[in-house]
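Take a look at the fold below.

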Amino acid sequence: MRNLLAFLFRYRGILVFALLEIVSLIMLIRNSAYQRAAFFNSSNAYVGRVLEFRTQVYDYFRLVDVNKALVVENAKLRQQLYRSDLASRLHDSLRVPGDTTGSRLRPDTLILGMQAVLTRSSDYPLIPARVINQTLRRVDNYLTLNAGSNQGVQPGMGVLTATGVVGRVRQVSAHYATVTSVLHSKTNLSAKLQRDNTFGTIKWLGEDPTHALLDYIPRQNKLLRGDTVVTSGYNAVFPEGVMVGTVDSFTQEPDKNFWTVRVKLAVDFSKLSYVYVVGPQPRAAERDTLETRSGLRTPAVGEEGVQP
Amino acid sequence: MGNVGQILLQLLRFALYAGVHVLLISRLSLFNVGWCLFYLGFLLFLPIATPIVLLLVISFVTGFTMDLFYDTGGVHAAAAVLLGYLRPWVLKLLTPRDGYDAQDSVNIHQMGWQWFLVYLVLLVGIHHFAFFFLELGSFSAIGLTLLKVLASTLFTGITMLIVQLLFFPAKRRR
């Protein structure tokens with residue numbers, strides 16, 4: 001017994017070292033899974049509070065940029081409100097069930113990423129939120145928002161900004177939410193080319209935060225630089241037709257049946273400040289259950305869309 | 001200084017390094033390939049005689065705290081524990097001819113330029129190497145990652161040097 005204790009004491013350094021390394025690596029591996037222990041992440045209340053304070057500190061340095069972005073967004077919104085050509089004002093004054101006066105002046109839709117999104121759909125309203133923490137240059141990037149379950153955010157909802165798709169809500173606490181950004185190695189976002197409706201899948205290779213890869217576009221298809229890539233209707237998270245980016249370059253690799261398409265993302269992730277959380281598309285849960293039951297998709301949580 | 005005072009002092013140092021890192025420095029980046037992991041200063045400048053087990057636990061807690069803020073699970077913790085484990089080895093490697101005095105601490109003025117630079121570059125380099133490759137999880141983008149390691153080592157190293165020159169006493173406490 002004494003020998004055992006002496007042995008343990010003698011090698012205490014390496015033993016504790018090995019123990020702590022194993023604990024860290026286990027945490028790291030479990031963290032890679034899409035959902036993880038509810039407590040140890042930045043949607044935890046205390047960490048959230050510190051991050052919010054940090055955002056206040058950083059805001060001070062970023063005031064100019066934030067102001068510019070807001071001015072641009074305001075200009076865009078104003079353009080939507082007072083367009084000279086009244087004939088093209090779609091959706092602007094959709095009547096909400098139960099509202100018979102017809103005198104509603106505020107728009108019921110907001111154009112996010114070139115797509116009109118209902119602002120006050122009764123089940124799933126559009127929730128504005130502020131980005132209070134964000135990573136950009138990692139292999140898996142996340143955002144933290146200052147809106148949580150109290151504001152109606154739920155895991156799995158989509159996150160948009162005025163210019164396009166940002167990501168998907170991953171975890172929610174009372175006042176904060178963490179978001180898996182499009183810049184994530186497991187991103188699997190169903191998208192299509194707006195010009196000819198070819199379906200593909202957006203992936204991120206982990207290097208350049210301004211570009212992503214559009215996969216599964218068949219080789220025989222014609223492509224153009226500058227083609228608009230939007231979300232497809234296969235996707236239960238985002239409305240159809242929300243801007244993802246534009247085709248930047250495309251190459252053919254000899255051993256593949258698909259084009260390798262580099263897409264310039266519409267959202268500038270380095271300047272994110274205000275975003276909107278959108279609810280799931282109508283009857284998404286029903287569709288999910290059906291598709292899972294008929295074996296179209298594995299019940300793994302978190303994969304967005306279906307690969308064609 | 002009593003034990004309690006020492007513990008309080010170290011807690012204060014922890015709060016200072018971690019606070020400055022999270023609130024100010026964590027978003028700085030050098031051409032998007034270099035970051036300054038400022039909180040390492042807390043671990044690097046701990047007293048030389050810190051027992052190994054305590055050092056490992058402190059490293060783990062520090063790394064884990066950073067993981068909470070970065071949402072990275074255990075990358076910071078794993079790399080910090082490695083740093084904590086290797087620190088006594090590097091100290092032993094660099095022992096002056098007549099051993100360490102009781103008053104010696106990791107201080108550029110006391111130990112000299114050469115001693116301090118070797119200490120800093122070795123530990124920070126190993127830490128950043130482990131950190132960036134653990135974060136990547138594979139060896140796929142080796143060139144970019146090595147560039148990150150190099151740039152970050154320079155950035156962190158120079159910051160630590162500045163901290164030493166600005167805030168550490170030049171004269172031995174008598």
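This is a predicted model: local features need pLDDT of at least 70, side-chain atom pairs count only at pLDDT 80 or more; totals for chains, interfaces and linings use all residues.

Residues are numbered from 1 along each chain as its sequence is written, while chains are lettered from A and ligands numbered from 1 in the order in which they are written.

Start with the barrel. In chain A, six strands close into it in the order 3-4-7-6-5-14, with antiparallel pairing. Neighbouring strands of this sheet are turned by 45 degrees against each other on average, direction ignored. The angle is taken between axes, lines fitted to C-alpha atoms. Strands here are DSSP runs (E, at least two residues), numbered from the N terminus. Two of them pair if DSSP finds at least two bridges between them.

Now move to other strands of chain A. Three bridges join strand 8 (residues 189-193) to strand 11 (residues 228-231), and the two run antiparallel. Leu193(A) has Val229(A) as its bridge partner. Strand 11 also pairs with strand 12, antiparallel, over three bridges. There, Thr228(A) stands opposite Thr246(A).

Strand 12 (residues 243-252) of chain A holds Asp248(A). Is Asp248(A) buried, partly exposed or exposed? Asp248(A) counts as partly exposed because it has 17 C-beta neighbours inside 10 Å. The cut-offs are 20 or more other C-beta atoms within 10 Å for buried, 12 or fewer for exposed, and in between for partly exposed, with C-beta atoms placed from the backbone.

Conventions:
Helices (H or I, at least four residues) and strands (E, at least two) are DSSP runs, numbered from the N terminus. Axes are lines fitted to C-alpha atoms, for helices over the stretch in contact, and angles run from 0 to 180 degrees between N-to-C directions.
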